[in-house]
Amino acid sequence: KAIMTAYSKYAEKTIDETKVAFLKYIFRWPTFGSAFFEVRQTSEPTFPDIVLIAINRVGFTLLNPKTKDILATHPFNKIASWCSGSTYFHMTVGNLVRG
């Protein structure tokens with residue numbers, strides 16, 4: 001029913017107008033334009049062991065891989081440190097000094 005209602009809203013539009021409307025809609029999603037990676041996390045006990053990290057132009061988002069619920073979103077300037085090697089990537093978010 002919802003699909004038919006949405007379809008009738010765009011039935012009079014051209015294909016290009018419909019594509020633009022679709023892109024304007026999904027552009028608001030926090031994961032729009034993201035590259036997704038499945039990673040193992042070891043520091044946040046309330047998160048699953050395996051999470052999805054979505055990296056895009058404004059920062060990164062952590063998602064539950066089963067439910068796709070957003071667990072956390074951070075801009076790039078919140079990355080306190082990072083390091084990588086051939087088989088790992090470590091990232092620390094937030095302040096390194098705890099007060």
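This is a predicted model: local features need pLDDT of at least 70, side-chain atom pairs count only at pLDDT 80 or more; totals for chains, interfaces and linings use all residues.
**Pockets, core and aromatic pairs**

The second largest pocket is lined by Lys 9, Tyr 10, Thr 18, Lys 19, Ala 21, Phe 22 and Tyr 25. The volume of the second largest pocket comes to about 170 Å³. Two helices, H1 (2-10) and H2 (15-26), each contribute at least two residues to the lining, and H2 gives the most, with five residues. Sorted by class, the lining of this second largest pocket has four nonpolar residues, one polar and two charged.

One of these lining residues, Tyr 25, leads on to the aromatic rings. Three aromatic pairs are present in the structure. In one of them, Tyr 25 and Trp 29 have ring centres 6.1 Å apart and planes at 75°, so the pair is edge-to-face. Both partners are partly exposed: the relative accessible area is 47% for Tyr 25 and 46% for Trp 29. Another pair is formed by Trp 82 and Phe 89, whose ring centres lie 5.9 Å apart; their planes are at 25°, so this pair is stacked. Trp 82 has a relative accessibility of 57%, so Trp 82 counts as exposed.

The space in the largest pocket amounts to about 1000 Å³, and its lining is made up of 28 residues. Nearest the centre of this pocket lie Gln 41, Ser 43, Met 91, Thr 92 and Val 93. Of the elements, S6 gives the most, with five residues. By class, the lining of the largest pocket divides into 17 nonpolar, eight polar and three charged residues.

What are the residues of the largest nonpolar core? There are six residues in this core, namely Phe 47, Val 51, Ile 53, Phe 60, Leu 62 and Ala 72. At least two residues of the core come from S2, and at least two from S3. In soluble globular proteins, nonpolar side chains tend to be buried together. Setting aside residues up to four places away in sequence, Leu 62 touches Phe 47, Val 51, Leu 52, Ile 53, Asp 69, Ile 70, Leu 71 and Ala 72.

Which strand holds Ile 79? Ile 79 belongs to strand S5 and is partly exposed, with a relative accessible area of 25%. Met 91 and Thr 92 are among the residues that lie nearest the centre of the largest pocket. By contrast, the C-alpha atoms of Ile 79 and Phe 22 are separated by 32 Å, with the two residues 57 places apart along the chain. Phe 22 is one of the residues that line the second largest pocket.

Lys 68 sits in the loop between S3 and S4. Most residues other than glycine have a negative phi. Lys 68, although not a glycine, has a positive phi of about 65°.

Notes
Residues are numbered from 1 along each chain as its sequence is written. Side-chain values use heavy atoms; hydrogens and water are left out. Rings of Phe, Tyr and Trp (its six-membered ring) pair if their centres lie within 6.5 Å; planes under 30 degrees apart count as stacked, over 60 as edge-to-face and the rest as tilted. Buried means under 20% relative accessible area, exposed over 50%, partly exposed in between (1.4 Å probe, protein chains only). On a 1 Å grid over the protein atoms alone, a cavity is a set of points where a 1.4 Å probe fits but cannot get out, and a pocket is an open set with protein on both sides within 12 Å along at least five of seven lines; lining residues have an atom within 4 Å of a point. Grid points are joined across faces, edges and corners, and a volume is the space filled by probe spheres set on the points. Helices (H or I, at least four residues) and strands (E, at least two) are DSSP runs, numbered from the N terminus. Ala, Val, Leu, Ile, Met, Phe, Trp, Tyr, Cys and Pro count as nonpolar, Asp, Glu, Lys and Arg as charged, and the others, Gly among them, as polar. A nonpolar core is a set of buried Ala, Val, Leu, Ile, Met, Phe, Trp, Tyr and Cys residues joined through side-chain atoms within 4.5 Å. Contact means heavy atoms within 4.5 Å.
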